[in-house]
Structures are given as structure tokens and as C-alpha cells.
Amino acid sequence: METLNDAKIVAALNENTESGFRLLMAKYKEAVYWHIRRLVVSHDDAQDAAQETFIRVFRSFRQFKGECAFGTWIYRIATNEALRVLERRRDGLVSLDDSEAETNRMMADDYVDYSDWESVKLQQAILSLPTKQQLAFNLRYYDELDYEAIAAITGSTAAAVKANYHIAKEKIIKYMNSICG
Amino acid sequence: MEKDFDFNRIGKRMPYKTPEGFFDEMEARIWKEVQREPIVPVKRKSYRLPLFAGVLAVAASLALLLVLHPFASDEPTDGFTHVEQAFANLSLEDQAYMLEIYQDDIFMNE
């Protein structure tokens, strides 16, 4: 996340809403969508949550006081939207068996390429992790954010994020070894 | 010794796909949505003075109603009825705006 570009985006949003909006989308629309998609899996849910994220960002960017990087703030909103989707789903589940069935159902989305067996298994391994470990792993591995930024997004500490990332990585390796073995 | 799973073999590849032209469509949809309502700048401090003046105006109206009440018609009414009526006459957007701005304001909720 380049701070300079973010400063330009915020300035453009303040000066001219449309050009600011275009810059915001150019930099973040794909990153935000994929971040949410990795958590919620379903394309439709990811689309709704990404859309809601940008509407919130656009309507409230004037409240952004710069306590953290602009990108961190956007990721935080996106993460909250994704967690809200997961929360709604969990409300409808009654047991752990249901939870496993739900993961399989999520992976049965139309927009998943099952021919790429290894990457499907990797995503299943990630989805089997507790949410904090998923977030730490995804934001570090896919988005290449530093531990401080991830901590700001998840409301945690850099040390805790680092620990979660390493635990997640070990679990994924163990899972992938067991199925590829 | 068994070789560990190698992340480099997959890299950032994911099995997830999106429909053709999805990101452009999403951008267009969001732009359409955000244009529907104007951005509301939230600067709470700046609302204190007008709000306080508004509260004073309501209080003055209530006092006036109480003073004039004996000479007024028998129609059952009070200050709050007027306020509620005025609020009901606002558009849904304006009602939402008023609620967002004033809902946790100390002057309104004392």
C-alpha cells in the first residue's frame, strides 16, 4: 500500500468526488474484492460485501482522520463487511457438522475452478483455520501487508499477528502434506 | 525425509474466478449507488450551535403554546405533536439525515 498514492486519492476525493472515486477504485477494487472473496468464498457474497465496503468508504472518507494508513482503513472496513457475512451464515448453523457442510457448500460456488486441484485444497486448508489465523495468513501471504498494518486492520498486535501467521502456515503445510502425501 | 508442501509451487494462484467484465460493472454499480445520496460531512461540533438554537426555538414555541393555550381552540395538540408533524412532513432522506445527525446529541437526549 503506497502512502503517496493514498494521499493523492484522499486529496482527489476531497477536491473532485468523481476523479477521487475513479482513483480509489483503480487502486483498491480488485484488492478489496479478493480479500473478501478469500474469506467468504461465494462470489455473490463477496460482490455484495465489496460494494458495501466502497459505499461506506466513499460516504465516510471525510471522517478518515489519518490515525492509520488509508489502505489499512479500507481493509478494515472490508474485513468487517466480510465478517458480517460470515456471522450471518453462522447464525443459521447449529452444529460443527453444519459448519463443515457450509464450507463445502461455499466451495460449490459457480465461480470456482475445480480443475486446479492443488489451489482448491490450499483454499480449503485456509478456510479450516480460525478467523484470526485466516486473516493473518491471507493479508500477509496474498496482500503482502506488514504485521503492523495487519494488526491495525484486525484490532490486534503485531506480535499476535506474527504468531497467528506462523501457526496458520504450519497448519496449512501439515494439511497439504497429509493430502498430497 | 518427507518433503514439505512448497508454497512457491502455487504462489498466489487461486481457484476463484469472476464473471467477464465483473470489476468494471461493479465500479459502475457503486458509482451509481453513491450518486444517489450526497456525501454528508460529519462535523459534530459545527452542529452544536444551530442545534442549540433549534432547541431554543422549540422551547420558545412550547412556552408560547402554554401561554396561549387557554385562548386556543379545543383541538388537542402540544409542542411535540407539531414537532412530530414537521418531522413527518420531511422526505425520507431528510428524516434519515436528521436522525443520523441528532440521534446521539446530548441536547436532544437529555
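**View 1. Helix 2 and helix 7 of chain A make a right-handed crossing.** In this predicted model, local features need pLDDT of at least 70 and side-chain atom pairs count only at pLDDT 80 or more, whereas totals for chains, interfaces and linings use all residues. Residues are numbered from 1 along each chain as its sequence is written, chains are lettered from A and ligands numbered from 1 in the order in which they are written, and side-chain values use heavy atoms, with hydrogens and water left out. Helices here are DSSP runs of H or I with at least four residues, numbered from the N terminus. A crossing is called right-handed if the near helix is turned clockwise from the far one by less than a right angle, and left-handed if anticlockwise. The axes of helix 2 (residues 17-40) and helix 7 (residues 131-141) of chain A come within 11 Å and cross at roughly 145°, where axes are lines fitted to C-alpha atoms over the stretch in contact and angles run from 0 to 180 degrees between N-to-C directions. Helix 2 of chain A brings H35(A), R38(A) and L39(A) to the contact, and helix 7 of chain A brings Q134(A), L135(A), N138(A) and L139(A); contact means heavy atoms within 4.5 Å.

**View 2. R22(A) and E18(A) form a salt bridge.** Their closest N and O atoms are 3.1 Å apart, and a salt bridge requires a side-chain nitrogen of Lys or Arg within 4 Å of a carboxyl oxygen of Asp or Glu. Both residues lie in helix 2 of chain A, four residues apart, which is about one turn of the helix. Over all chains, a search of the whole structure finds 14 salt bridges.

**View 3. Chain A and chain B meet through 44 residues from chain A and 31 residues from chain B.** Together the two chains bury about 3900 Å², 65% of it on carbon and sulfur atoms, buried area being the accessible area (1.4 Å probe) that two parts lose on being put together, summed over both. Six salt bridges are found across this interface. In the salt bridge between K29(A) and D24(B), the N to O distance is 3.6 Å.

Terms used:
Helix = DSSP H or I, 4+ residues; strand = E, 2+ residues; numbered from the N terminus.
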